[in-house]
Each structure stands twice: as C-alpha cells, then as structure tokens.
Amino acid sequence: MTELVQYHCADNVATITLNNGKVNAFSHDMIDGINAALDKAIADEAVVVIKGQPGMFSAGYDLSVMQQSMEAAMKLVEKGSTLTRRMLAFEFPIIAACTGHAIAKGAFILLASDYRIGIQGKFKIGLNEVAIGMTMHQAGLELARGRLAPVFFNRSVILAEMVSVDGAVTAGFLDVAVAPEAFEQTVAATAQAMTKLNMKAHRQTKLKARAGLLDALDKAIDVDRGSSL
C-alpha cells in the first residue's frame, strides 16, 4: 500500500486516509492507492470511510501532472473519473469524512460518496474548474448533475461558486455539517450504523437507483477519452 493512502480496518469499518502533501493532491499514485484500499475493503467486507488531513480533504488533481500537457491532464482526469464511477457502484457504503477544504476533485469525491459528513469551520467546498481556466470535463458535468441540488448545478459548475461547509449541505456536496468536537464521534457512529445494513440489498438498490447516472458516466468517460479540452 502506498504511503499516500493509509488503510485501517476495525469493527467492519475500513478507514482510508488521504495523505499526499498539504493539499492532498490526486495523483496517479494516490488514485492507485485508493483503488488498492477499496480492494482491501471488499476483502474485509467493510463499510468505507474516506478522510483527509486536518483542514484539508483535497484541493483536487496534482497540478504538476495537469500542467504537463493536455494528454497528461486527460489521462489523470480519466483515471479520476473511473475511480468516482467505481465509488458510486461500490459493494459497501462509502462515507466521506470531509476534514476541511474540498475543491475540484476533492468535491467530486464527496459527490461520489454515499454519505458526506463535514466539519464546521472556515472551509470552502466547490468546483473551481471554470475559475482557473479549465472547461469542465463531461464526466464531471454528469456527476454534478446527478448529485447536486438542481438549483446549485449552474452556480457550481458554470459559475464556479464556492460555498461554506453549511452551504455545502444545501448545495448537495455534504449531507451534514457538525462541530469539530463532534466530528470523529459522528463519523464513527454513522459508519457503525451502516454496518447493520443488509449489504446485498444496499448494493442492488444502489445500482438500481443510480443506473441512469452510471450509464451517463460510462458514456461521459468515453467522450472525455477522445477530448482535447
């Protein structure tokens, strides 16, 4: 397991901690590490918690890769989109424990998780691609369309509006925001509650409920693969 991703499993809960520098950038290696950790969670038959570092869930893709070339950027985006597609159809519940800022790919990981818990503070959450000169990729559009509150779709995707933690609950990036002193307890209690689900029924219902979104994502990933944004 790469040190960029830490894995710990106890009491049927697998905690995947992102640990790639001060912005927790999504690189090829970190995405590979997350996929390996998800494989272990399947073997452990565990509910998954994905968390970042204090104050930073993730600020998005590794800019050193994104700035190399269009081809390099699109390969990383494709790998990231494939990860979020996997998360949306994952065998067990996935909880995102949003430990701080969640921007760009960090926010998309929230959108791909089944339940999202944010920690209250002066943090920003949102999709800033347009603000930094990037045309939104097709898979990003479909994921945002499928998971954000409709009234926030244009504001988040087309206008790159960033929101507070409480605003992220209204927008659909988070399900709940809690005080710092209650954060870890809330994450643990939520994860334990989800271990009581019938996992076969959970997976089958998830796949039925998200069939349209998963199909749209498959097509969008193909579109992005041939794109030169």
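Me: Which residues does Asn128 touch, not counting residues up to four places away in sequence?
Reply: Asn128 touches Ile103, Ala104, Ala160 and Met162. Note that this is a predicted model.

Me: Where is the place of Asn128?
Reply: Asn128 sits in the loop between β8 and α5 (138-147).

Me: Why does Asn128 count as buried?
Reply: Its relative accessibility is 18%. Buried means under 20%. Asn128 is therefore buried.

Me: What makes β4 and β8 edge strands?
Reply: The open sheet has three strands in the order β4-β6-β8, with parallel pairing. β4 (55-58) and β8 (125-126) each have a single partner strand, so one side of each lacks a neighbour in the sheet.

Me: How do you know that β6 and β8 pair?
Reply: Two strands pair if DSSP finds at least two bridges between them. Strand β6 (residues 100-103) and β8 have two bridges, in the parallel sense. That meets the cut-off, so they pair. Ala102 stands opposite Ile125 in β8.

Me: Which helix packs on the sheet?
Reply: Helix α4 (residues 105-112) does, touching β4, β6 and β8. The direction of α4 makes about 90 degrees with that of β6.

Me: How many aromatic pairs does a search of the whole structure find?
Reply: The search finds one.

Me: Why is the pair of Phe90 and Phe92 called edge-to-face?
Reply: The ring centres of Phe90 and Phe92 are 6.4 Å apart. Pairing needs centres within 6.5 Å, so the rings pair. Their planes stand at 65 degrees.

Me: Are Phe90 and Phe92 buried or exposed?
Reply: Phe90 is buried, and Phe92 is too.

Terms used. Residues are numbered from 1 along each chain as its sequence is written. This is a predicted model: local features need pLDDT of at least 70, side-chain atom pairs count only at pLDDT 80 or more; totals for chains, interfaces and linings use all residues. Side-chain values use heavy atoms; hydrogens and water are left out. Rings of Phe, Tyr and Trp (its six-membered ring) pair if their centres lie within 6.5 Å; planes under 30 degrees apart count as stacked, over 60 as edge-to-face and the rest as tilted. Buried means under 20% relative accessible area, exposed over 50%, partly exposed in between (1.4 Å probe, protein chains only). Helices (H or I, at least four residues) and strands (E, at least two) are DSSP runs, numbered from the N terminus. Contact means heavy atoms within 4.5 Å. Axes are lines fitted to C-alpha atoms, for helices over the stretch in contact, and angles run from 0 to 180 degrees between N-to-C directions.
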